[in-house]
Amino acid sequence: MPSSLRHRQRSAPSVLPAVVLLAALLACAALAPCAAWAQAGAAADARRPAEVAQVLFGIISYVRWPVARQEVRVCMLGTPHYGAAIVDTPASSLGQRIRVKIPALASAASECDVVYLGSLPEGEREHLLTQIIGKPILSVAEPGTACTVGTMFCLRLAEGQIGFDVNLDAIARSGLRVHPNALQIARRKGPPP
């Protein structure tokens, strides 16, 4: 065998590790943005409950009941995905204290000033809304849940931010007064700046 051929055979194994190393470096470089994106997504998911609580309490601050409330009673019904932050957040809004409770039965909704709706079977949700429609009880649906006809505010997650839609008919029937700023925020189809 000629010496030049033997030389090529010997040098080929040293090229292979270099190619593998280069491929590994390129793979790491390509995955680094993915890992950073995943970490950013996880951080956003961790903040999401607090953001939902902030938007809920913000909506409450824009609402006036026919009879002034010293304490606003917020009842969480169904299975709320973001409920822990609502319960854990000490809240007061423009001099109103906010007390959060989790009633055992949806029929207790008449004892609430605000009904925060988590996941509920459709039949239960409709039954609950028929009990509170026309009464001064603010209804807010959690992001990711069905927003049915009688719900006043429907929270939504869009482009990583919490926004909400407003049902003006349901608000008008309730006797509640909602500050026009809340309606303007809803029209923007995004959260306040």
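The side chains of R69 and D113 meet in a salt bridge, with N and O 2.7 Å apart. A salt bridge is taken as a side-chain nitrogen of Lys or Arg within 4 Å of a carboxyl oxygen of Asp or Glu. The R69–D113 pair links distant parts of the chain, 44 residues apart. R69 lies in the loop between strand 1 (63-64) and strand 2 (71-77). D113 lies in the loop between strand 4 (96-101) and strand 5 (114-117). Helices (H or I, at least four residues) and strands (E, at least two) are DSSP runs, numbered from the N terminus. D113 is buried, at 0% relative accessibility, whereas R69 is partly exposed, at 22%. Buried means under 20% relative accessible area, exposed over 50%, and partly exposed in between (1.4 Å probe, protein chains only).

The model is predicted: local features need pLDDT of at least 70, side-chain atom pairs count only at pLDDT 80 or more, and totals for chains, interfaces and linings use all residues. Residues are numbered from 1 along each chain as its sequence is written, and side-chain values use heavy atoms, with hydrogens and water left out.

The torsion about the S-S bond of C75 and C112 is about -90 degrees, so the disulfide is left-handed. Both cysteines are buried: C75 has a relative accessible area of 0%, and C112 one of 1%.

The salt bridges number eight in total. Side chains of opposite charge can pair when their charged atoms come close. One of the bridges joins E51 and R47, at 3.7 Å from N to O. Both residues lie in helix 1 (residues 3-61). They are four residues apart, about one turn of the helix. An α-helix has 3.6 residues a turn, so residues three or four places apart point the same way. E51 is partly exposed, at 23% relative accessibility. R47 is also partly exposed, with a relative accessible area of 46%. R47, R48 and E51 are linked in a network of salt bridges.

Another salt bridge connects R156 and D165, at 3.1 Å from N to O. R156 counts as buried, at 17% relative accessibility. D165 counts as partly exposed, at 27%.

Strand 7 (residues 153-158) pairs with strand 6 (residues 138-141) in the parallel sense, over two bridges. Two strands are said to pair if DSSP finds at least two bridges between them. V140 stands opposite F153 in strand 7. Strand 7 also pairs with strand 8 (residues 161-166), here in the antiparallel sense over six bridges. C154 stands opposite D165 in strand 8. Strands 7 and 8 form a hairpin with two residues between them. In the turn, E159 has a positive phi of about 55 degrees.

Helix 3 (residues 122-132) has R125, L128, L129 and I132 as its buried residues. Seen down the axis of helix 3, these residues fall within an arc of 95 degrees, so they line one face of the helix. The arc is that of the directions from the helix axis to the C-beta atoms. The buried residues of helix 3 pack against strand 2, strand 5 and strand 6. On the other side of the helix, G123 and T130 are exposed. G134 follows helix 3 and has a positive phi, near 90 degrees.

Overall, the protein chain comprises five helices and nine strands. From the N terminus on, its elements run α-β-β-α-β-β-β-α-β-β-β-α-β-α. Of its 193 residues, 36% count as buried. Among contacts (heavy atoms within 4.5 Å) with a separation of 6 or more, residues 24 or more positions apart account for 64%. The accessible surface of the chain comes to about 11,300 Å². Carbon and sulfur atoms contribute 62% of this surface. Accessible areas come from the Shrake-Rupley method with a 1.4 Å probe; for residues, only the protein chains shown count as cover.

Notes:
A disulfide is a pair of cysteine sulfur atoms within 2.5 Å.
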